[in-house]
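Welcome! Take a moment to look over the structure below, and then we can walk through it together, one part at a time.

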Amino acid sequence: MTMEFTDRVTRVEPSATLAISALATELEADGADVVDLSVGEPDFPTPQNIVDAGQDAMDAGHTGYTTSAGILELREAITDKLADDGLDHTTDEIIVTPGAKQALYEIVSALVDDGDEVVLLDPAWVSYEAMVKMAGGSLSRVDLSGYDFQLEPALDDLADAVSDETELLIVNSPSNPTGAVYSDAALEGVRDLAVEHDVTVISDEIYKEITYGVEPTSLGTLEGMADRTVTVNGFSKAYSMTGWRLGYFAGPEELIDQAGKLHSHSVSSAVNFVQHAGIEALETDEAVDEMTEAFHERRDLVVDLLAEHDVDVAVPEGAFYMMLPVDDDDQAWCEGAIEDAHVATVPGSAFGTPGYARISYAASEERLEEGIERLADEGYL
């Protein structure tokens, strides 16, 4: 039997980051010592108090279905968190999801129809493109690589890309894969264009709690943006809860009503006891601060190590990634790096920006030093 697959599936490629991670796993299974700088995952365990809260919730019998949008206690804790960020949302304007990726998928699916235009800021996280394509949308892309990955100097380029035909603009600050944190002036430029052309904006703030000496602004706090911004966040990065799969989004109630249909008919709800652990996580500041300080030190270490090999990079202000300039054929560079040096990175072309490789410094200082040394020894720096 020959199966025929839908256009919405065949028009997208598998996740490049997960593909590289799978290749690293295969090499390790064959006995190779791979320095994996490809993974978008903190290398810290989930804080024990969060683990205990999840276990206590299971012991208390919180193992059944919850309301589709999430338990009220967690949505109340999220509204408090958002209020601390300057955002005013009620519990009826929040949906709790199995990971922030699911939140983004539901938003895009609810807003983007066949032929609708979506604007991305490149480099852009790999799954944005796939989600838009699966929804039938078309892409207009703005290249930030010529501006050290900052948005403010590229506002004229963004203005050329955004029009009355634009349905959606996706902003991710701090950024995956660059670690850039967009300035208030940049976000005000986004606001002006969104208001002028009546565009909805997704503000993906999954790395908001991981920054180095800067305070990122939530886009929805700007005048004129409250009713046109959908804020996405989650627990995977800041609280090292990747495997728990817990995220959320907040937006206008009319969007919540429509996206809620997809949510209820697909995943039903996020896991009950995981939601209880999420409440505990939102009360955990110390662990977040400790992890962020470690990432800060690692960022500085990698920047210094690369400088020793005369490699300059745009220094990230958040998240735990940086973009390494490599050969024009970044795919071949990354494949060679993992085969020859046993160092896993992700091609920049996967993010819409050829000529770079994304490296994650969510690894120990010892492994980061080993990885940079191997790349240098094998002629990749």
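## An enclosed strand

Let us begin with strand β12: five of its five residues are buried, so the rest of the structure largely encloses it. Keep in mind as you look around that this is a predicted model.

Which way do the residues of β12 point? Y356, R358 and S360 point one way, while A357 and I359 point the other way, and all are buried.

Strand β12 belongs to an open sheet of three strands, in the order β9-β12-β11, with antiparallel pairing. At the edges are β9 (321-325) and β11 (346-347), each of which pairs on one side only.

You can trace the pairing residue by residue. Five bridges join β9 to β12 (residues 356-360). Y321 has S360 as its bridge partner in β12, and M323 has R358.

Now look for helix α11 (residues 286-308), which lies across β9 and β12 and runs at about 10 degrees to β9.

In soluble globular proteins, nonpolar side chains tend to be buried together. In this model, the largest nonpolar core has 62 residues, and F249 and W333 touch the most other members. Helix α11 gives this core its largest share, seven residues.

What does W333 contact, apart from its neighbours within four places in sequence? The list is L324, V326, D327, T345, A357, L375 and Y380. A second, separate core has 28 residues, including L121, L222, M225 and Y356.

## A helix tucked inside

The buried ones are V126, S127, Y128, A130, M131, V132 and A135.

What covers these buried residues of α6? The cover includes the helices α2 (16-29) and α5 (100-111), along with the strands β3 (117-122), β4 (138-143), β5 (166-172) and β6 (200-204).

Most residues other than glycine have a negative phi, and most peptide bonds are trans. Here are some exceptions to find in the loops.

A cis peptide bond joins D122 and P123, with omega about 5 degrees; P123 sits in the loop between β3 and α6. The peptide bond from S173 to P174 is cis as well, with omega near -5 degrees. You will find P174 in the loop between β5 and α8 (184-197).

Turning to phi, D148 has a positive value near 55 degrees. D148 lies in the loop between β4 and α7 (155-161) and is exposed, with a relative accessible area of 55%. For H342, phi is also positive, near 55 degrees. H342 is in the loop between α12 (330-341) and β10 (343-344), and at 25% relative accessibility H342 counts as partly exposed.

Terms used:
Residues are numbered from 1 along each chain as its sequence is written. This is a predicted model: local features need pLDDT of at least 70, side-chain atom pairs count only at pLDDT 80 or more; totals for chains, interfaces and linings use all residues. Side-chain values use heavy atoms; hydrogens and water are left out. Two strands pair if DSSP finds at least two bridges between them. Helices (H or I, at least four residues) and strands (E, at least two) are DSSP runs, numbered from the N terminus. Contact means heavy atoms within 4.5 Å. Axes are lines fitted to C-alpha atoms, for helices over the stretch in contact, and angles run from 0 to 180 degrees between N-to-C directions. Buried means under 20% relative accessible area, exposed over 50%, partly exposed in between (1.4 Å probe, protein chains only). A nonpolar core is a set of buried Ala, Val, Leu, Ile, Met, Phe, Trp, Tyr and Cys residues joined through side-chain atoms within 4.5 Å.
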